[in-house]
Amino acid sequence: MILLALSLFATGKGYAQGTFQTVKGIVIDKQTQSPIEFVNVSITGTDKGATTDSQGRFNITGIAPGRYDISFSFIGYNSYVAPNVEVTSGKEVVLDVGLEGSTSTLQEVVIQAGPKKHETVNQLATVSGRSFTMEEVNRYSGGRSDPSRLVANFAGVSAPNDSRNDIVVRGNSPTGVLWRIEGLNIPNPNHFASLGTTGGAASALNTNIIKNSDFLTSAFPAEYGNANAGVFDLGFRTGNTDKREYTVQLGALTGLEAMAEGPINKENGSSYVLAYRYSFTGLAQNLGITVGTASTPFYQDLSFKVNSGNGKLGRFTLFGLGGTSNIDILHDDVEPDDIFGNPKRDFYNNSSIGLVGLKHFIRVSSKSYFNTVIGATYSSTEQIVDSIGVNNNPPVVEVNSTQVRYAVNTSFNTTISPKLFLKVGAIEELIDVNLFYRDRVSPPNDWKQIWDFNGNTSLLQGYAHAQYKITDRLTSNFGIHSQYLTLNGSTSVEPRAAFNYQLTDKSTFTLGFGLHSQMQPVDAYFYQITNPDGSIDRSNEELDFTKSQHYVLGYEILPFKDWRVKAEIYYQYVYHVPVNEAEGSFSMLNAGSRDYYYNEQGHLKNDGTGYNYGMELTLEKFFSKGYYGLFTGSIYQSKYTGSDGIERNTGFNGRYVYNVLAGREWKIGKSKRNKFSVDMKLTQAGGRYYTPVDFAASVANNREILKGDSYAFSERNKDFFRLDLKAGFTFNSSKRNLSHAVFLDIQNITDNQNVLVGERYNPGTQIIGTAYQIGVFPNFVYRLQF
């Protein structure tokens, strides 16, 4: 009824340009961030075009719904093509384009044939990086409107888990991933997130508000620190500066979403965009609709961005995100064969996340500017486990964790010459934590205090990065990153280097090296043991950073128009890894390999090592002529050595993964303004290694206990296989500014039984069983834009 009412409201407005739509945007110099005047903008396949004004803006009207390549060219800059831009009746297209200057200012330089959609937004990332669009997130089958699940389609990335969106990059733990939004580092932008993790059951990032962003897997530029595995560098898009527009969406997994955007002051270009989402499961429960079980997860989130426009004091941007989530797993809803639910326990989980930031851009000269972000992030988790039927159901597990990070990130950027660009910056994060965790599950059922800490520490980072264009074909990047943890004085100085050489107009060679370091998960530092005399022993507070050396070599060729082939080989050596002081198999490199238990290992030392190496291949047909295709494959090894000196497989060593994606669109209807689309995705990944359960010890301790060191990661799950199929229809009104889109995404269409956890002990039933992932699941999405 809500969607019907909105649709009827929308159909009563917007007759002026309902048949056609507007494509507009701004073109800037990628290095100096200055607007470029007189850029030629043309839409392929039409006679439409424009030239940018003194503010770098362009506006092209009268564009019929469909997909178009939009070209940008100007003397002294490399030409750029924005490929497959989708135009609908319901929403104007707004493009932010950065052109890269050439070393010669006397001619227009066209170095690379074909679209550049595979390149990164950050010009300093020249190896192991890929940009992605939200159109791709929403288009690919099985994506669930989740950026994490999108990048799992890229070479070197694996995420064979239907219950969480944690990603494994080249055999590394998901804890090694850095998330950044609008320049603000954030611990975890996901619902149901636990302390020290980077993933969760559902993303809190609304794809309707995210702009084209980057994902990096190795040898990151010097501005990125405190990460060993990968970098998500995301941005929120700017709202429409000329007219108000609205989007309403309903998805079986993502819930009910609503977004509004529009101008605040048209004269200075200020605008806003606001998006809210309410999980469908929570909505259904409130309406009295049965959704299957009382342990249904609930979440909601809000995202926004307010842009001040350009003024004498520069440009200010206020942005933020907030979300809450909870799930209750009650004893009387547990099935007899349930591996996770306990018929003698009630489990309650509540979590919240939030971030707010203020970004300031100011130009100090025609070639230099400052970018500064100040902000704060918040995350909290509360977990309670009750013991049913014993003395009024007393709690047996209590967890309360709160983490607040106050951050400043500032950088100075200057173009010294057409060949040389320099970026220097500093980041400071004040980390305030309040941790409390105790349990009394194991006999003799006395409370065991695991955390009890309230305090703070700071992580200070500084960097310098220079990009030098030796020629129009050869680009070099050199940088250095440093960081310092005030908790224990840990320091790191990290050199970075990368080269990009365009061998021909269609082929490129890349080479990269980087030293990277990362602080340990917060819960590891403050794990405590109570000594017999009552004193507290926090034996992990002095842990150093885990460090890694990245080496990567790549080759890319564009063999035909709209086709791309890329291969990379890499080696990563990891050291200073926390392991037990006594001989054992434990290593922090396996954090998160078996669900996300909090760290309960004390007396750790930075003596562990590990390595990852592999080969990756990407074969891609960019979307053109109504279809696209993507194949990515990775063959890799991931090994570690604990304090006992024995080399073992890590819990993330699947050895191989490949993805096959394809899609086709047909223009339908009398005027060919509507479309029908079909997309498919096939994924197969090697089974990961795990440690089997010690049944006798688990029964004796009333909790899951794994077998000893000689069994560590000795068993392997069967391979993961999943096929998803998606069909969609988009209707573009011929009379109004209105579009409807309906999608049916059938996930795991073959109903393959994929293993989630190879062995799991349930203390309530005293059964060891296998936990499996979801079977065939239809995901329905409806979107209305007006």
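This is a short tour of the structure above, stop by stop, with something to select at each one.

**Before you click**

You're looking at a predicted model: local features need pLDDT of at least 70, side-chain atom pairs count only at pLDDT 80 or more, and totals for chains, interfaces and linings use all residues. Residues are numbered from 1 along each chain as its sequence is written, and side-chain values use heavy atoms, with hydrogens and water left out.

**Stop 1: the whole chain**

Start zoomed out, in cartoon. The chain has 6 helices and 45 strands; these are DSSP runs numbered from the N terminus, with helices being H or I of at least four residues and strands E of at least two. The C-alpha trace spans about 80 × 60 × 50 Å along its principal axes. With a radius of gyration of 26 Å, close to the 28 Å that the globule rule gives for 786 residues, the chain is as compact as a globular protein of that length. (That radius is taken over C-alpha atoms, and the rule is 2.2 Å times the number of residues to the power 0.38.)

Colour by accessibility and 57% of the 786 residues count as buried, where buried means under 20% relative accessible area, exposed over 50%, and partly exposed in between, with a 1.4 Å probe and protein chains only. Contacts here mean heavy atoms within 4.5 Å. Among those between residues at least 6 apart in sequence, 66% join residues at least 24 apart.

**Stop 2**

Now centre on Ile167. Beyond its neighbours within four places in sequence, Ile167 is in contact with residues including Val151, Val157, Pro174, Phe215 and Phe232.

**Stop 3: the five-stranded sheet**

Go back to cartoon. Here 5 strands form an open sheet with mixed pairing, in the order β8-β15-β16-β11-β12; strands pair if DSSP finds at least two bridges between them. β8 (129-132) and β12 (184-186) stand at the edges with a single partner strand each, so one side of each has no neighbour in the sheet. The twist averages 20° from one strand to the next, using lines fitted to C-alpha atoms, with angles from 0 to 180 degrees between N-to-C directions.

For a look at one pairing, show β8 and β15 (residues 213-216): they are antiparallel over 4 bridges, and Gly129 stands opposite Leu216 in β15.

**Stop 4: a hairpin and its other partner**

Select residues 546-557, strand β32. On one side, β29 (residues 507-518) pairs with β32 in the antiparallel sense over 12 bridges, and Gln518 has Thr546 as its bridge partner. β32 also runs antiparallel to β33 (residues 563-580), joined by 11 bridges; one to find is Val552 with Tyr570. β32 and β33 make a hairpin with 5 residues between them, and Asp562 in the turn has a positive phi of about 75°.

**Stop 5: His481**

One of the side chain's polar atoms lies 2.7 Å from the backbone oxygen of Ala222, and a polar contact of 3.0 Å joins His481 to the side chain of Gln461. (A polar contact is a pair of N or O atoms within 3.5 Å; within protein, one must be able to donate a hydrogen and the other to accept it, and residues adjacent in sequence count only if both atoms are side-chain atoms.)

**Stop 6: Arg673**

Hop to the loop between β37 (656-668) and β38 (674-685), where you'll find Arg673. Arg673 counts as buried, at 9% relative accessibility. The side chain of Arg673 makes a 3.3 Å polar contact with that of Ser89 and reaches the backbone oxygen of Ser733 at 3.2 Å.

**Last stop: Ile746**

Finish in strand β42 (residues 739-747), the place of Ile746. Ile746 is partly exposed, with a relative accessible area of 24%. Draw a C-alpha distance to Phe777, 31 residues apart along the chain, and you get 5.7 Å. Among the contacts of Ile746 are Leu723, Leu725, Val776 and Pro778.
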